[in-house]
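Reader: Hey, I've just opened this one and could use a hand finding my way around. Can we go through it bit by bit?

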Amino acid sequence: MDAAVGAALKPWLFPRARLVLGLSGGLDSVVLLEVLRRLAGPLGFRLSCVHVNHGISPNARRWAAFCERRCKRHAIALTVHEVDVEPYRAEGMEAAARRARYQVYARQQADFIVLAQHLDDQAETVLLQLLRGAGGKGGAAMPPMREQDLSRQGKHKRVPAILRPMLAVSRKQIEAYARANKLKWVEDESNADIRRDRNFLRHRVLPVIGQAFPGYRATLARAAGHLAEASLILDELAQADAKLAVSGNKLAVAALQRLGVPRAKNLLRWLLLQQGQAAPEAERLQEGLRQLFEAGDDAAVRVALGAYELRRYGGHAYLLPSLPDAPAGFRRDRDGKRVWPLPELGGTLLFVRGRGAGLDCALIGERGLSVRLRQGGEKLRLQPGGSTRSLKNLLQEARMPPWERERLPLIYCADTLVAVPGLGVAGGWQAGAGNVGWTITWQRQE
């Protein structure tokens, strides 16, 4: 056991690497704690543990106390985190607990989070994913090492990678190791509940499969490896296709059509995964592409893909975070700040003072400014002596997509439209040479 885990760890470790073991107190993690404790010196890594109390079982505090005693006995640092799974309850209890647990893992000061999933877990995961209709990425199940990169508010935060060094070790081997070393552990009563899909497979289905296919664990793990390789190739294909069809957040519809539906679906899945989103169902992607390909350039295509949506405008598709409809009758009065967040509209107005450009501050005076949304029928004259044009036509000529027009803040002084970010300042309101003006820009939240 020690040799197998050590061999699995070596390709990833570096001197003084910080490893944090996810210690539940169950058989698997207790055995892995014992193995890592013995390997820390020879392999030169630093070891600590984290225990997550989900508060679901009435025995949860007893499990945490057991982990504390176990770590104290070996002078290994342990942090215990109590989490609230209620915000994620709609996903199902098991998924909610997993989400809360991984959020704790992401906050650890570590290079690697080490988890105790093993060969039997891998076989169960492969079958579960296939029964749920997963594709290559889902069927690949659990990789031995998985990098994580969380994006928050436009900034990338590096979080510990996930290491699973026991994926080649069976449950029988783990049980034998625990008996040989006289280890104690706690039992999670929920593991016997066959109403849970994984437990049903473990207790009712896999024993039957094992009678005819005793080597099914290794066979399914091998199949997961094949699917992982296929998934990598599909990701490489998506990256190549993105160079042909994607520019920023725009996808050229004609280029997607040339790729064909299977490759276009693969590209959309890959783009969503780059944003940290789970891939939607294949039927949903198929429907989104059907609407994209069949709609005219001026058609309003809007297809929900989880937390994102697929839109079309002017020969391009857009993959955008889903936003609620623009608030009806929206109006806000400016408080004088140069940075004006408008979260209801999904962005921020920026006011930069300068001479001879922008909206003339003297003309505004004490009347102040307010922001409203388009109601229809607005007109704007951008040049003194120039023609007055409908705002709708000006925005169309500027090639602004309809969903951006819906949330574009229009700048008013009293009841007069004086500026539109991205278009300019109304004629007669522009700062002349030597006068102080505000250059106003609208910065949409990505």
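Reader: Which residue in β19 does S370 stand opposite?
Author: S370 stands opposite Y412. The strands there are β16 (residues 370–372) and β19 (residues 410–413), which pair in the antiparallel sense over 3 bridges. Strands pair if DSSP finds at least two bridges between them, and the numbered elements are DSSP runs counted from the N terminus: helices (H or I, at least four residues) and strands (E, at least two).

Reader: Before I go on, what kind of model is this?
Author: It's a predicted model, where local features need pLDDT of at least 70, side-chain atom pairs count only at pLDDT 80 or more, and totals for chains, interfaces and linings use all residues. Residues are numbered from 1 along each chain as its sequence is written, and side-chain values use heavy atoms, with hydrogens and water left out.

Reader: OK, back to the strands. What's the order in the sheet with β16 and β19?
Author: The order is β12-β16-β19-β20-β21, an open sheet of 5 strands with antiparallel pairing. β12 (331–333) and β21 (424–425) each have a single partner strand, so one side of each has no neighbour in the sheet.

Reader: And what's the order in the sheet with β8 and β11?
Author: That open sheet of 5 strands runs β7-β8-β11-β10-β9, with antiparallel pairing. Its edges are β7 (246–247) and β9 (301–305), each with a single partner strand, so one side of each is left without a neighbour. Inside it, β8 (residues 250–252) and β11 (residues 316–321) run antiparallel and are joined by 3 bridges. A252 has H316 in β11 as its bridge partner.

Reader: Which helix lies across β9, β10 and β11?
Author: Helix α12 (residues 282–294) does, running at about 170° to β9. Axes are lines fitted to C-alpha atoms, for helices over the stretch in contact, and angles run from 0 to 180 degrees between N-to-C directions.

Reader: Switching to helices: at what angle do α2 and α7 pack?
Author: Helix α2 (residues 27–43) and helix α7 (residues 171–180) pack at about 65°, with axes 10 Å apart. They are therefore roughly perpendicular; angles under 35 degrees count as roughly parallel, over 145 as roughly antiparallel, 65 to 115 as roughly perpendicular and the rest as oblique.

Reader: Which residues meet there?
Author: L27, D28, V31, E34, V35 and R38 in α2 meet I174, E175, Y177 and A178 in α7; contact means heavy atoms within 4.5 Å. By class, that's 6 nonpolar, no polar and 4 charged. Ala, Val, Leu, Ile, Met, Phe, Trp, Tyr, Cys and Pro count as nonpolar, Asp, Glu, Lys and Arg as charged, and the others, Gly among them, as polar.

Reader: How about α1 and α2, what's the angle there?
Author: The axes of α1 (residues 2–9) and α2 come within 10 Å and cross at roughly 60°, so the two helices are oblique to each other. D2, V5, G6 and L9 in α1 meet residues of α2 including L32, V35 and L36. The contact divides into 7 nonpolar, 1 polar and 2 charged residues.

Reader: And α5 with α8, at what angle do they cross?
Author: Helix α5 (residues 119–131) and helix α8 (residues 197–212) cross at roughly 105°, their axes coming within 10 Å. That makes α5 roughly perpendicular to α8.

Reader: Last one: where does pLDDT stay under 50?
Author: Over residues 151–156, for which the model has 5 contacts beyond four places in sequence. pLDDT is the predictor's confidence in each residue, from 0 to 100. Where it is low, the predicted coordinates should not be read in detail. For the protein, the mean pLDDT is 90, and 97% of residues reach 70 or more.
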